[in-house]
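Biologist: I'd like a close look at one part of this protein, with a bit of context around it. Here's what we'll be working from.

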Amino acid sequence: MTFLLGRLAALLLGLALGGLLGRWMDGFWPLLQGWGAWGGAALGVVLMSARDSWRGHRIMEWLRSGQSAGAPRSHDAWGELAYRIEKAQLQRDRLAADERRKLGEFLSAIEASPNGVLLLDGSDHIVWCNSVAAEHFGLDPERDLGQRVTNLVRSPAFVTYLQAPSPDEPIAVVNAQADLTLSVLLRPYGEGQKLVLTQDVTERLRAESMRRDFVANVSHEIRTPLTVLAGFVETLANLPLNQAERQRVLALMSQQTGRMQALVADLLTLAQLEGSPRPQADHWLSLLELLQQVETQTRGLSNGRHTLLFPEPNTLAGIQVAGHRGELLSAFSNLTSNAVRYTPEGGRIEVGCSLLSVGELEFQVSDSGLGIERQHLPRLTERFYRVDGSRSRETGGTGLGLSIVKHVLQRHGAHLDIESEPGKGSQFRILLPGMRVRRGETTRTQAPSMPV
Ligand code: ADP
């Protein structure tokens, strides 16, 4: 209203001033013949309109130019108009910047999520996805924006799920290329848009499957000796056996009981290894003492059936290793007992121990036994994995020995190397890291020993 009144006042002022001036000029200029007042008034109005048009034009140009420069200044209503437009625009820009910052923060938060987030429009075109979702589905978060998701993710389970009218349960989708199993949950929002949440469940499913296999294996391992024992109990109860037959049955029963005891002992060892903290790296043990214990156990097991070679004690004098006595003893003697059990009578077993130039300690057991075919080598440390099942059981094996070795070594930062050739023999090598080996110290601490 003030703007309109101002314009009207300016016109009237132009009219009045022009009229007065024209009238005054009438007195000097007879040629005007009394029209000076009218002409002056008209000229005043035209000038005022021209001035208004010019000011309006400057503001229009400024608006058209994208307001890169400041608004045109003047001390009239046009100046105020330009100032108000400029102020409104500044406010709008500030608000937009604030919204952009909030949106940026929100997207960064979603980006930081360990789960995948994918936004689809009403026709299943990708609106946005975080890098986790991109990795899960093998998408490019920039290049694939605007693409229809079903052209890129072709899993039939996923495509059907997207088309379901009201999906409420997550589904499993396999990305075979990336070797991933995903749990995918879809939530509709807005006007037909969809929020797709993904979670990598590969490890969880693998662990569940391993747990199922483990329970099945343990049950199987226990069921066999239990069935045999039940048979013998029935025999003893129902048949009139003489003393010799009775002794034979009891010996077989004791063998089966021993088998179950060995299995339970190994299972407990594995459970202890998984549940206890890592052995300290400053708990020093004499290597010589450890190897002497290993030698005693190995000679006892071989009972003179093999040629056994152990390192000369003076080559080990002063060497210490840091770790858990019972665990290291268990790892070393598992390898030597395997060598004894899988090497036929008369074979040769050699145990070596040396400090490598890089500071590592190498403990190796070589045998001239049955050997192992190449394809089995990567799986030997899996629980219950056996190459020669019957020999393993005959010799009191549980299928858990190398699995225990692997756990012990992992806990000590060490690792196991296996080389073998069928018919020629095997070599198992433990490499203990330099930080767990030292030479020349005389003090030592004793770790509580673990049953082996
Ligand atoms: P097991 O109690 O059956 O010996 P392990 O985990 O100690 O279980 O060993 C896994 C399998 O690896 C064994 O069943 C055996 O087939 C094979 N194996 C281990 N050590 C040797 C070896 N020195 N020579 C030949 N085969 C071996």
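How many disulfides does a search of the whole structure find? After that, please zoom in on S366.

Modeller: The search turns up 0 disulfides, a disulfide being a pair of cysteine sulfur atoms within 2.5 Å. Before going on, remember that this is a predicted model: local features need pLDDT of at least 70, side-chain atom pairs count only at 80 or more, and totals for chains, interfaces and linings use all residues. Residues are numbered from 1 along each chain as its sequence is written, and side-chain values use heavy atoms, with hydrogens and water left out.

Staying with cysteines for a moment, C129 counts as buried because its relative accessibility is 4%, and C353 is buried too, at 13%. (Buried means under 20% relative accessible area, exposed over 50%, and partly exposed in between, using a 1.4 Å probe and protein chains only.)

Now for S366. You'll find it in strand β10, which covers residues 361-367; strands are DSSP runs of E with at least two residues, numbered from the N terminus. The side chain of S366 makes a polar contact of 3.5 Å with that of Q364. (That's a pair of N or O atoms within 3.5 Å; within protein, one must be able to donate a hydrogen and the other to accept it, and residues adjacent in sequence count only if both atoms are side-chain atoms.) Skip the neighbours within four places in sequence, and S366 still has contacts, meaning heavy atoms within 4.5 Å, with R348, I349, E350, S426 and Q427.

Key
Helices (H or I, at least four residues) and strands (E, at least two) are DSSP runs, numbered from the N terminus.
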